[in-house]
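Subject: Structure for your review

Dear colleague,

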Amino acid sequence: MFLKMKTNSITKDYFLKKSDGYRETIMEGMRAMSYRIISETGSREDNIKRLKKEIETADAIIIGAGAGLSTSAGFTYSGERFEKYFYDFAKRFGIRDMYSGGFYPFPDEETLWAWWSRHIYFNRYIDAPKPVYDMIYDLVDGKDYFVITTNVDHQFQRAGFDKKRLFYTQGDYGLFQSVNSKLKKTYDNEEWVMKAMESQGFVKDENGVFQVPEDGKLSMRIPTELIPKCPDDGSDVTMNLRADDTFVEDEGWKLASSRYSDFLRRHEDMHVLYLELGVGANTPVIIKYPFWQMTAVNPNAVYACINYGEAFAPEVIKERAICIDGDILTVFEEMPKIH
């Protein structure tokens, strides 16, 4: 099945003149790697109170979101969700979670893409089970904000965030790219995903969301003619996810990176809240270290971190740091109750 190319009117010359916020901030953040770390910045109630005030008074809010945020939103890769939608793959292949399934050597392309269509659909084309993204949107709506995220599930945009204020650094479950490295394009996969889901026997409920049929019978293969192909040259496709240097940074990605750089530059001396949500130790150079360093060099900036079991900050900014160890959704549910 041939896909539709993701297009826009941005020219190549435009990008040659623009800045790259992704690499600029990584280089800046490298300076923070040697900072001494602290974890205590006050009591939980005091920290939530301080964070609430910062959200209300900051000139700008820059949200940095990692996998912990989507976990808080209910996008778990194991347990009940996995057993509900991938029970047949678990039984036949012994796969225990969605993450490891993405690396499984399936016997053929039809089975591989059946797996990926489910993985994409249930992590990209449905709303999050819990409302944490909506709650964050309500907090920043009407404010000057920008979001940088390593998440690839598109949930910020689904919650209503302005697309021009979002930067998905690691790709998007909703995009394919060709295995032909000469093609620096991405391709929307929504239409393909819907056909692939239907071909396996999933049925839509009253809300238009695919569910397992009542008899539980699903196919673990898609028809051969549905195997996705590049519309430009008929080559095979793969996910537009940053795994190695073959990741395609398309025109939309470059524009988002440039907008991030411009936003940082325009607010570099202002009262900025760097709000880090669910960023772990896997890719600290993209969000965590840059946030630390940008806070350190701007005396008007405040760094806040909400993370379950991994809330800490450099000692150099301890007076302007807010660290809250806990579930992100729970923290935002508590916030209105604290005065």
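A total of 31 aromatic pairs is found in this predicted model. In one of them, formed by Tyr-22 and Phe-167, the ring centres lie 6.4 Å apart and the ring planes stand at 80°. Planes over 60 degrees apart count as edge-to-face, so the pair of Tyr-22 and Phe-167 belongs to that class. The two residues come from distant parts of the chain, 145 residues apart: Tyr-22 is in helix H2, while Phe-167 is in strand S5, which covers residues 166-168.

Helix H2 also takes part in helix packing. Two packed helices are described by the angle between their axes and the distance between the axes.

With helix H12 (residues 251-266), H2 packs at an angle of about 50°, and the two axes are 7 Å apart. H2 is therefore oblique to H12. On the H2 side, the contact is made by Gly-21, Tyr-22, Arg-23, Glu-24 and Thr-25. H12 contributes Trp-253, Ser-257, Tyr-260, Ser-261, Leu-264 and Arg-265. By class, the residues of this contact are four nonpolar, four polar and three charged.

The axes of H2 (residues 21-29) and helix H13 (residues 288-297) cross at roughly 70° and come within 8 Å. Angles of 65 to 115 degrees count as roughly perpendicular, and H2 and H13 are therefore described in that way. In this contact, Thr-25, Ile-26, Glu-28 and Gly-29 of H2 meet Tyr-289, Pro-290, Gln-293, Met-294 and Val-297 of H13. Five of the residues in the contact of H2 with H13 are nonpolar, three are polar and one is charged.

The last topic is the largest pocket, which holds about 1500 Å³ of space. It is lined by 42 residues, and those closest to its centre are Tyr-77, Tyr-99, Val-152, Tyr-173 and Leu-241. At least two lining residues each are supplied by helices H4 (67-72), H7 (98-101) and H8 (109-124) and by strands S6 (171-178) and S10 (237-241). H8 gives the largest share, five residues. The lining is made up of 19 nonpolar, 19 polar and four charged residues.

Yours sincerely,
A colleague

Methods
Residues numbered from 1 in each chain as written. Predicted model: local features only at pLDDT ≥ 70, side-chain atom pairs only at ≥ 80, totals over all residues. Heavy atoms only, no water. 1 Å grid on protein atoms, 1.4 Å probe; cavity = no way out; pocket = protein on both sides within 12 Å on 5 of 7 lines; lining within 4 Å. Points joined across faces, edges and corners; volume = space filled by probe spheres on them. Helix = DSSP H or I, 4+ residues; strand = E, 2+ residues; numbered from the N terminus. Nonpolar A, V, L, I, M, F, W, Y, C, P; charged D, E, K, R; others polar. Axes fitted to C-alpha atoms, helices over the stretch in contact; angles between N-to-C directions. Parallel < 35°, antiparallel > 145°, perpendicular 65-115°, else oblique. Contact = heavy atoms within 4.5 Å. Phe/Tyr/Trp six-rings, centres within 6.5 Å; stacked < 30°, edge-to-face > 60°.
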